Amino acid sequence: YKLKKERWVAVEGLHTGQFVYCGAKAQLTVGNVMPLGKMPEGTVVSMCEEKASDRGRLARASGCNCMVVGHSDDGKKTRIRLPSGSRKTVPSTCRAVVGIAAGGGRMDKPVLKAGNNYHKYRVKRNCWPKVRGSAMNPVEHPHGGGNHQHVGHPTTIARVAVPGQKVGLIAARRTGILRGGKKK
């Protein structure tokens, strides 16, 4: 008998030492993992799989969740609503954790000062602070140079542009502000 440790995204409402059960016969309680086909419609899940047994791809960020919208008649496919609001059809054998991913409301607190951002990105990856391209020299960036800080040409760039030239709005279908709301 070997103790196999597994790490995965916690859902809201779990506590230390709680038993969670995985499998088709698991109960529908928060923290349990079961196939989407065994869940009733309207179940809120997170860390949902796209393909069977890919270990969870969808709704993994803090506070995200999917909802089981419906099942096909033959029971092979399940429709889920993603955090973006779009619907997706996935196989019913895909597993998911019951409940909302923990850590919701993370973006509600204002950052307030640059030092907080510094520590936030220090533990993630080196992508902060970001220098604007127009503030650079022409050797360093396509937007650099000029007697004033201006780009000097349209910022949309083709999909087939070579690396190093591909900065700005890559293969943009349209630019500018979005006029009009979404059609219901």
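**Entry 1: V97**

I started with V97, which is buried at a relative accessible area of 3%. Buried means under 20% relative accessible area, exposed means over 50%, and partly exposed lies in between, with a 1.4 Å probe and protein chains only. I noted that this is a predicted model, where local features need pLDDT of at least 70, side-chain atom pairs count only at pLDDT 80 or more, and totals for chains, interfaces and linings use all residues. Residues are numbered from 1 along each chain as its sequence is written, and side-chain values use heavy atoms, leaving out hydrogens and water.

I placed V97 in strand β6. Strands (E, at least two residues) and helices (H or I, at least four) are DSSP runs, numbered from the N terminus. Next I looked up what V97 touches, where contact means heavy atoms within 4.5 Å. Leaving aside residues up to four places away in sequence, V97 touches W8, V11, G31, N32, V33, V45, S46 and M47. I also checked V97 against K2, which is 95 residues away along the chain. Their C-alpha atoms are separated by 24 Å.

**Entry 2: the sheet**

I then followed the strands. Six strands, in the order β1-β6-β2-β3-β4-β5, form an open sheet with antiparallel pairing. Two strands pair if DSSP finds at least two bridges between them. Which strands lie at the edges? They are β1 (33-35) and β5, each pairing on one side only. Neighbouring strands of this sheet are turned by 50 degrees against each other on average, direction ignored. For this angle, axes are lines fitted to C-alpha atoms (for helices over the stretch in contact), and angles run from 0 to 180 degrees between N-to-C directions.

I went through some of the pairs:

- β2 pairs with β6 over 2 bridges, in the antiparallel sense. V45 stands opposite V98 in β6.
- β2 and β3 run antiparallel and are joined by 2 bridges. V44 has M67 in β3 as its bridge partner.
- β3 and strand β4 (residues 77-81) run antiparallel, with 4 bridges. M67 has R81 in β4 as its bridge partner.

I stopped at the hairpin of β3 and β4, which has 5 residues between the strands. There G75 takes a positive phi near 75 degrees.

**Entry 3: S92**

S92 lies in the loop between β5 and β6. Is S92 buried or exposed? S92 counts as buried, because its relative accessibility is 8%. Not counting residues up to four places away in sequence, S92 touches P35, L36, G37, G75, K76, K77 and T78.

**Entry 4: salt bridges**

I wrote down the idea before the list. Side chains of opposite charge can pair when their charged atoms come close. A salt bridge is a side-chain nitrogen of Lys or Arg within 4 Å of a carboxyl oxygen of Asp or Glu. How many salt bridges does the structure hold? I found 4.

One of them joins the side chains of R95 and E49, at 2.9 Å from N to O. This pair links distant parts of the chain, 46 residues apart. R95 is in strand β6 (residues 95-98), and E49 is in the loop between β2 (44-46) and β3 (66-71). E49 is buried at 2% relative accessible area, while R95 is partly exposed at 32%.

Another joins E50 and K88, whose closest N and O atoms are 3.6 Å apart. E50 lies in the loop between β2 and β3 and K88 in strand β5 (residues 87-91), so the pair ties together parts that are 38 residues apart in sequence. E50 is partly exposed at 30% relative accessibility, and K88 is partly exposed at 26%. I also noted a network: salt bridges that share partners join K4, E6 and R55.

K4 counts as exposed at 68% relative accessibility. E6 is partly exposed, with a relative accessible area of 41%.

**Entry 5: a surface patch**

Last, I looked for nonpolar side chains at the surface. W8, L14, V20 and V30 form a nonpolar patch, with about 290 Å² of accessible area together. Patches are made of residues with over 30% relative accessible area and no salt bridge; like charges are joined within 9 Å, and nonpolar side chains (Val, Leu, Ile, Met, Phe, Trp, Tyr) within 5 Å. Accessible areas come from the Shrake-Rupley method with a 1.4 Å probe, and for residues only the protein chains shown count as cover. L14 lies in the segment before β1. L14 is partly exposed at 32% relative accessible area.
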